[in-house]
Amino acid sequence: LQRGYSEGRYVGRDELDGYRHSALGALGTALSESLCPGHGITQSGPEQQEEALSVLEAHLDLNRRCWTHCPELIVRAQADYANGLMMFGRDDEALPLLRAVHEKRVALLGPRHRDSIGAANSLAITLSSPGHYAEARAIFRQILLYARELDRQDDTRLRVAGAFSRAVLNDDDCPTAELREMSKVMDDTSRAARLMLGATHPVARQLEIDLARVRARLS
């Protein structure tokens, strides 16, 4: 994709060209993910991050100007840009965008839709910092209920519970009652992960580690 842009394969096309539109969004997402720790490049400089974000922002701008008839595309592009900001630790910039994405997802799809739950999960993860822990836990608690209503083979509940537990563990002032609640949630989620993915799967193993950390806080 990056080679295609540098060679002018997509740049010369009309803004409404579907291939150009899709390639621009895919390029921005691929760049931001490749620069995120754990995806091959452990350290990325400001210039590389700005390059990825500029592509995502251009894709969002294109959707807002030329694809007004497709609100779902606009929301998706806004989510991609917000998640890019979040990946690079720019939570203050990402937070208002993530709130807007969540509100639009709920308005378009309802609060129980998988995409709405995902948007709320991203918002709660970003809120999991001093001064916002209580709000983050409230969001996690609500969407975990919704995630449990999805298909039993859907891994959304695992991702939500894992993020929820880390938000609880990062808050040194989390009430004991909520730690006990989290212990029960993680015990249930760990069992579900073992059945769904197998005990050796990285997600199942991470949930076991999170459960052990919650129990250690309670001991």
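1. Order of elements. From the N terminus on, the protein runs α-α-α-α-α-α-α-α-α-α. That comes to 10 helices and zero strands; both kinds of element are DSSP runs numbered from the N terminus, with helices (H or I) needing at least four residues and strands (E) at least two.

2. What you are looking at. This is a predicted model, where local features need pLDDT of at least 70, side-chain atom pairs count only at pLDDT 80 or more, and totals for chains, interfaces and linings use all residues. Residues are numbered from 1 along each chain as its sequence is written, and side-chain values use heavy atoms, with hydrogens and water left out.

3. Of the 219 residues in the protein, 44% are buried. Here buried means under 20% relative accessible area, exposed means over 50%, and partly exposed is in between (1.4 Å probe, protein chains only). The protein exposes about 11,700 Å², and carbon and sulfur atoms supply 51% of that; the areas come from the Shrake-Rupley method with a 1.4 Å probe, and for residues only the protein chains shown count as cover.

4. Contacts along the chain. Take the contacts (heavy atoms within 4.5 Å) between residues at least 6 apart in sequence: 57% of them join residues at least 24 apart.

5. Helix H4. This helix covers residues 71-87, and its 17 residues should span 24 Å at 1.5 Å a residue; the end C-alpha atoms are 24 Å apart, which agrees. The expected span is 1.5 Å times one less than the number of residues. Which residues of H4 are buried? They are Ile74, Val75, Ala77, Gln78, Ala79, Tyr81, Ala82, Gly84 and Leu85. Their cover includes helix H3 (46-66) and helix H5 (91-109). Just after H4, look for Gly89, which takes a positive phi of about 75°.

6. Helix H7. The buried residues of H7 are Tyr133, Ala136, Arg137, Ile139, Phe140, Ile143, Leu144, Tyr146 and Ala147. What covers them includes helix H6 (114-127), H8 and H9.

7. Rings between H7 and H8. The structure holds one aromatic pair. Phe140 and Phe164 form this pair, and the rings are stacked, at 5.5 Å centre to centre with 20° between the planes. The pair links distant parts of the chain, with Phe140 in helix H7 and Phe164 in helix H8, 24 residues apart. For the cut-offs: rings of Phe, Tyr and Trp (its six-membered ring) pair if their centres lie within 6.5 Å, and planes under 30 degrees apart count as stacked, over 60 as edge-to-face and the rest as tilted. Both Phe140 and Phe164 are buried.

8. The structure holds 19 salt bridges, each a side-chain nitrogen of Lys or Arg within 4 Å of a carboxyl oxygen of Asp or Glu. One to find is Arg141 with Glu181, where the closest N and O atoms are 3.1 Å apart. Arg141 lies in helix H7 (residues 133-148) and Glu181 in helix H9 (residues 176-197), so the pair ties together parts that are 40 residues apart in sequence. Arg141 is partly exposed, with a relative accessible area of 28%, and Glu181 also counts as partly exposed at 28%.

9. Salt bridges at Asp188. How far apart are the closest N and O atoms of Arg157 and Asp188? They are 2.8 Å apart, in a salt bridge. This pair links distant parts of the chain: Arg157 sits in helix H8 (residues 156-170) and Asp188 in helix H9, 31 residues apart. Arg157 counts as buried at 15% relative accessibility, whereas Asp188 is partly exposed at 27%. Asp188 also meets Arg191 in a salt bridge (4.0 Å, N to O). Being three residues apart in helix H9, Arg191 and Asp188 are separated by about one helical turn. Arg191 counts as partly exposed at 39% relative accessibility.

10. A network. Salt bridges that share partners join Arg137, Arg141, Asp171, Glu178 and Glu181 into one network.

11. Cysteines. A search of the whole structure finds zero disulfides (pairs of cysteine sulfur atoms within 2.5 Å). Cys70 counts as partly exposed at 22% relative accessibility, while Cys174 counts as buried at 8%.
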